[in-house]
Amino acid sequence: MSRFLGFYDYTVILTYASLLSAVSSMFYASQGNYFYAVFFLMLSGLCDAFDGAVARSKKDRTEEGKAFGIQIDSLSDLVAFGILPGAMGFSLGCYQMEDCPLKWIYGVMAALFALAALIRLAHFNVMEEERQSKTHENRTCFAGVPVTSSASIFPALVILASFVGKGVAMTAIYMAAMAV
């Protein structure tokens, strides 16, 4: 394992790819190009779906490497599935309703969604660290809705928006999904 600042072996490559994909999605969403924004969000979700399995495949990981993997995964998840959906929703609202006087509500909703994702991920990390201090068994179930579900929910809503058309209704549906 090559180590300068962080870890750069194959166990974290998918996590890094997920983050880069999420940032690409943000750039496309900010330009109103939702096809590519959705593509990169779903790609980020695909990378996240397999990053844990890839990391666990390396049998000689150090405890430091495992802890780093958990933290870097959560940080990447925060950007990809906590900040990106809010940015996409804000952009969707701005592009669909250029003269809407209540755009600031989209910003507040995006910020609250990111905050909820941050709290959820931090809570999970604390609980997982506690669980791992008691057992080395693999987790068999998770409590609650994972923040990574954003990778399927929000692309579906953006695709729906392309069929429904512009207007307050679609943006309201997107924001309601963020609130839930």
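## Exercises on salt bridges and confidence

The side chains of lysine 58 and aspartate 9 meet in a salt bridge, at 4.0 Å from N to O, where a salt bridge is a side-chain nitrogen of Lys or Arg within 4 Å of a carboxyl oxygen of Asp or Glu. The model is predicted, so local features need pLDDT of at least 70, side-chain atom pairs count only at pLDDT 80 or more, and totals for chains, interfaces and linings use all residues. Residues are numbered from 1 along each chain as its sequence is written, and side-chain values use heavy atoms, with hydrogens and water left out.

**Exercise 1.** Work out which parts the pair of lysine 58 and aspartate 9 ties together.

*Solution.* Lysine 58 lies in the loop between helix H2 (34–56) and helix H3 (63–96), and aspartate 9 in the segment before H1, so the pair ties together parts that are 49 residues apart in sequence. Helices are DSSP runs (H or I, at least four residues), numbered from the N terminus.

**Exercise 2.** Decide whether lysine 58 and aspartate 60 are buried or exposed.

*Solution.* Buried means under 20% relative accessible area, exposed over 50%, and partly exposed in between (1.4 Å probe, protein chains only). Lysine 58, with 17%, is therefore buried, whereas aspartate 60, at 58%, counts as exposed. These two residues also form a salt bridge, with their closest N and O atoms 3.5 Å apart.

**Exercise 3.** Find the helix with the lowest mean pLDDT among the elements.

*Solution.* On the scale of pLDDT, the predictor's confidence in each residue from 0 to 100, helix H6 (residues 168–179) has the lowest mean, 71.

Conventions. Helix = DSSP H or I, 4+ residues; strand = E, 2+ residues; numbered from the N terminus.
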